[in-house]
Amino acid sequence: MDYVEIISIFAENKPGKLEKITEVLAKENINILGFSIISVKDFGVIKFLVDMPEKAYQKFKEKGFTVAKIPAIGIELEDRPGGLYEVVKLISSKGVNIESALVYVAETRKKAYFVFEVDELEKAWELLKNEKVKFLKSSNFVNE
Amino acid sequence: MERKYYNPQIELLPRKELKKLQLQKLQRVVRKVYQKVPHYKEKFKNAGVKPKDLKSLEDFKNFPFTTKEDLFVDYPFGLLAEPLEKAVRLHTSSGTTGKPKAIFFSEKDIWSQAKLIARSLFMSGARSQDILQNSMTYGLFTGALVMHYGAELLGMLVIPAGPGNTERQIELMRTFGTTCIHMTPSYALYVATVIQEKRLEPGKDIKLKRVYLGAEPYSEETRKKIEKMLKVDVFNCYGLSEMGGPGVGFECPAKKGLHIWEDAFYVEIINPETGEPVKEGEIGELVLTTLDRTAMPIIRYRTRDLTRFISEPCPCGRTHIRIDRPLGRADDMFIVRGVNIFPQQIENVIMGIKGVAQNYQIVLEGYDEMIVKVEIDRDFFDGRIERLLKLKEEITEKLRQAIQVRPKVELVEPGELPVSEGKAKRVIDKRTL
């Protein structure tokens, strides 16, 4: 199964919170490849795709953050109009529901991935694995 | 066959007869304070009642309450119902107002309270061969001395250790084989930690079987922790100097609430705002009347402690009513949109929900807006926001059901809210009215 791990952090919605979180990654020399922020008034969840997911997870934990790892599937996007549409259409045609997503631009204007979370990872993988798309592998970017 | 009850006749008395006994005793007490205590006479007059108006227990709610302030009228001897020479002991209780509340005991009062303690200790499983290390403060407080007399009455060997000097506490336990100990929860937790650090083995080096905790509020978690650390049974013990000290309420081995000895106390639970009795099972202020006290009887004393009745019959067979462990102080009550709310109601809901830590804070602001901040449990977070939103919805709905007001729930990170045990400042009122 080709999947990647996303680091997810619970954060109260208050000034300086995102700064403190990104500071951890900066100090540890961990590179952010993609991120998303979902906020619901009083709190939010900040998600990162990083080149050192295990290290990032441990460091956040050590520093007392409320952190979790979420598996996600990444599919390569073509850099042209309709690129995202086609990937999303494919996913929904299989009846797979996207819970949350971020984009990883691997090479500017050349290569990008749509990285998404689903309710049941293995089931989604079974439905998608034979499609003629390129899946993102941890080995493509993990550096630890 | 082994004796199961210290005083089976009283402890198993059918409730109907118990109530009959209470009415007889109440009529006597009411008559006595009316005749002997000028302050009570005046209070009765103001309330428009006379002792003869007490024809049933129902009538008792028309009689005036005694508040902490009443204890300072004609201070310090004003509430004595007998000549001072009948009193043999003074205990005081620290008042927040400066002067201590003064409580007088006749010789009879001392032994009636001791009997309740003996009965309570027996209920917990202690017998005359047990050894009680009494690690409460001896002195003006009732805690140590009242327990001391009761344990001796039961025939236990009492070690009057007093508090502090943990090294010596542990040495006493080892040397004399202490089987029961009486102390405050915070100190018990400390002593248990030291015992663990010293790698003393419960059951071998330390022979403790029962720990009696009183004088401070503490959580069920603390109880479980001490029980696990020392391999003991921990019993809740409730009392207050105004009612004679410890022995008012005590847990039986079921450990589901404290029995109040109703042959010695008349118990009511009222709404602290209106003074009316609460509905069955509802939280309210505990109100107690001494039924046996001779030197200084007190009627309808507003303890300011919050609790609720547990009305189901107890598996131990005793007929005396149980109350929940005191849940906080009536002074903590606040009103939102016209509804009386106790922090404890919020706490009860939060403790029953998976995914949240125990810490919480209530913020009142704006136009009667109530915000409940709850720390999430670190292990509950799976990275997904959906789960948090569901949790938030669950807390909101359960709180709404419990308090009839829909609060705004905010989830915060673990460790974000100030930690406080016991008389915690949980409510922050920023409303400007």
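**Figure 1. Two domains of chain B.** Domain bounds here come from an automatic or database domain assignment, and they are applied to a model that is predicted. Under that assignment chain B is divided into domain 1, covering residues 1-329, and domain 2, covering residues 334-429, and the C-alpha centres of domain 1 of chain B and domain 2 of chain B lie 32 Å apart. Where these two parts of chain B touch, domain 1 contributes 9 residues to the contact and domain 2 contributes 7 residues. On the side of domain 1 of chain B that touches domain 2 of chain B, the residues divide by class into 4 nonpolar, 2 polar and 3 charged.

**Figure 2. Overall form of chain B.** Chain B contains 10 helices and 20 strands, and its C-alpha atoms fill a box of roughly 70 × 60 × 45 Å along the principal axes. For 433 residues a compact globule would have a radius of gyration near 22 Å, and the 23 Å computed for chain B agrees with that expectation. Of these 433 residues, 42% count as buried. Among the contacts in chain B with a separation of 6 or more, 65% are accounted for by residues 24 or more positions apart.

**Figure 3. Helix α7 of chain B and its surroundings.** Helix α7 of chain B runs over residues 185-197, and its 13 residues reach 18 Å from the first C-alpha to the last, which is close to the 18 Å expected at 1.5 Å a residue. Which residues of α7(B) are buried? They are B:P185, B:A188, B:V191, B:A192 and B:I195, and because they cover an arc of only 120 degrees around the axis, they are on the same side of α7(B). The elements that cover the buried residues of α7(B) include the helices α6 (166-176) and α8 (220-230) of chain B, together with the strands β5 (180-183) and β6 (210-213) of chain B. Following α7(B) comes B:R199, whose phi is positive, near 55 degrees.

**Figure 4. Overall form of chain A.** Chain A has 4 helices and 6 strands, and these follow the pattern β-α-β-β-α-β-α-β-β-α when read along the sequence. The C-alpha trace of chain A spans about 40 × 30 × 30 Å along its principal axes. With 144 residues, a compact globule would have a radius of gyration near 15 Å, and the value of 16 Å for chain A agrees with this. Buried residues make up 33% of the 144 residues in chain A, while residues 24 or more positions apart account for 68% of the contacts in chain A with a separation of 6 or more.

**Figure 5. The contact between chain A and chain B.** How many residues does the contact take from chain A and from chain B? Chain A gives 14 residues and chain B gives 17 residues. On the side of chain A that touches chain B, the elements that give two or more residues are the strands β1 (4-12), β2 (32-40), β3 (43-50) and β4 (66-77) of chain A, and the largest share, 4 residues, comes from β4(A). By class, the residues on this side of chain A divide into 7 nonpolar, 3 polar and 4 charged.

Notes: Residues numbered from 1 in each chain as written. Chains lettered and ligands numbered in written order. Predicted model: local features only at pLDDT ≥ 70, side-chain atom pairs only at ≥ 80, totals over all residues. Nonpolar A, V, L, I, M, F, W, Y, C, P; charged D, E, K, R; others polar. Rg over C-alpha atoms; globule rule 2.2 N^0.38 Å. Buried ≥ 20, exposed ≤ 12 C-beta atoms within 10 Å, placed from the backbone. Expected span 1.5 Å × (residues − 1). Arc of directions from axis to C-beta.
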